[in-house]
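Here is a brief report on one protein chain. The sequence and model come next.

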Amino acid sequence: MLDEAFEYLEKRKKNDPEFTYEIIVVDDGSRDNTSKVALEYSKKYTVDVVRVLSQDFNRGKGGAVRMGVVKSRGKLVLFADADGASKFSDFERLEKIVKVNCSSLEDDKIVVCGSRRHLEKDSIAKRSLFRTFLMHGFHFLVWFLCVKGVRDTQCGFKLLTRPAALQTFSNLHVLRWAFDVDLLYIAQYLKIPIFEVDINWHECEGSKITFGSYIQMGLDLLSIRLHYLFGAWKIDANYRPENI
């Protein structure tokens with residue numbers, strides 16, 4: 001993912017001198033060489049362009065993304081999975097939606113979700129009947145309990161204006177796999193516009209969701225709904241970035 005990202009970003013920077021970017025790599029207590037590899041990029045492109053954040057222990061995917069968001073400095077905040085399943089240049093597809101629907105990056109709140117909905121028929125054809133049942137069951141629970149109007153809540157390629165990113169992530173409660181649903185639930189509650197854009201996607205080895213993951217995410221969805229329903233979790237429209 002990083003090589004592809006830098007190729008795209010450096011080319012765009014060369015063509016547009018006003019374009020700036022930063023990449024933040026969050027190592028969520030991994031046992032591999034994530035930090036070591038990322039630091040090599042930091043040496044190559046400077047620490048101002050590539051920042052590596054390491055956590056002592058695993059806080060979950062949502063916790064890692066939240067840390068990266070709060071440390072980011074850009075007017076637009078994109079978070080993407082590190083496995084390279086998405087095509088980084090599809091950033092432009094999401095950015096286009098922001099430009100069309102946003103008059104001020106400093107003030108307007110918009111969330112744009114990369115989506116694999118157009119690939120659903122092909123993926124069903126390759127899945128077993130049981131996995132297809134689990135997928136549809138999960139989508140139904142998302143719609144019934146939490147988020148309506150978004151076909152693919154789990155795609156790890158989302159773009160937010162900075163005000164939207166700070167307001168949603170400051171209210172985030174779920175820090176593991178279902179954090180995307182919590183994020184979009186919060187955005188809908190706060191009436192932040194959410195758009196969905198088809199992107200290129202390919203499955204990566206080792207990235208498939210297990211049966212246990214579906215069960216855990218189902219329990220997380222129920223937890224999200226019940227916690228907000230009974231007031232155990234609050235959503236504060238007057239976000240405080242220092243509390244993220």
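## Basis of the model

This is a predicted model: local features need pLDDT of at least 70, side-chain atom pairs count only at pLDDT 80 or more, and totals for chains, interfaces and linings use all residues. Residues are numbered from 1 along each chain as its sequence is written, and side-chain values use heavy atoms, with hydrogens and water left out.

## Overall make-up

The chain has nine helices and six strands. Both are DSSP runs numbered from the N terminus: helices are H or I with at least four residues, strands are E with at least two. Of the 244 residues in the chain, 43% are buried. Buried means under 20% relative accessible area, exposed means over 50%, and partly exposed lies in between (1.4 Å probe, protein chains only).

Four strands make an open sheet, ordered β3-β5-β4-β6, with mixed pairing. Two strands count as paired if DSSP finds at least two bridges between them. The edges belong to β3 and β6 (194-198); each has a single partner strand, so one side of each is left without a neighbour in the sheet. On average, neighbouring strands of this sheet are turned by 20 degrees against each other, direction ignored. Axes here are lines fitted to C-alpha atoms, for helices over the stretch in contact, and angles run from 0 to 180 degrees between N-to-C directions.

The pairing of β4 and β6 is parallel and runs over five bridges. Cys 113 stands opposite Glu 196 in β6. Helix α7 (residues 162-169) packs on the sheet, where α7 touches β3, β4 and β5 (157-161). The direction of α7 makes about 105 degrees with that of β5.

## Helix α4

Which residues of α4 are buried? They are Phe 91, Leu 94, Glu 95 and Val 98. Seen down the axis of α4, these buried residues fall within an arc of 100 degrees, so they line one face of the helix. The arc is that of the directions from the helix axis to the C-beta atoms.

The cover over the buried residues of α4 includes α1, β3, β4, β5 and β6. The face turned away from the buried side carries the exposed residues Lys 96 and Val 100.

## Salt bridges

Side chains of opposite charge can pair when their charged atoms come close. The rule used here asks for a side-chain nitrogen of Lys or Arg within 4 Å of a carboxyl oxygen of Asp or Glu. The count is 13 salt bridges. One of them joins the side chains of Arg 12 and Glu 95, at 2.7 Å from N to O. Arg 12 lies in helix α1 (residues 2-15) and Glu 95 in helix α4 (residues 91-101), so the pair ties together parts that are 83 residues apart in sequence. Both partners are buried: Arg 12 has a relative accessible area of 17%, and Glu 95 has 9%.

Lys 75 and Glu 106 also meet through their side chains in a salt bridge, at 2.9 Å from N to O. Lys 75 sits in the loop between α3 (61-71) and β3 (76-80), and Glu 106 in the loop between α4 and β4 (111-115), so this pair ties together parts that are 31 residues apart in sequence. Lys 75 is partly exposed at 48% relative accessibility. Glu 106 is partly exposed, at 48%. Within helix α2 (residues 34-45), Glu 40 and Lys 43 are three residues apart, about one helical turn. Their closest N and O atoms are 3.6 Å apart in a salt bridge. Glu 40 is partly exposed at 44%, whereas Lys 43 is exposed at 65%. Elsewhere, a network of salt bridges links Glu 22, Asp 48, Arg 51 and Arg 73.

## Cysteines

How many disulfides does the rule give? The count is zero. A disulfide requires a pair of cysteine sulfur atoms within 2.5 Å. For Cys 113, the closest cysteine sulfur is that of Cys 155, 8.3 Å away and so too far for a bond. Cys 113 is buried, with a relative accessible area of 0%. Cys 155 is buried, with a value of 0%.

Note on methods:
Contact means heavy atoms within 4.5 Å.
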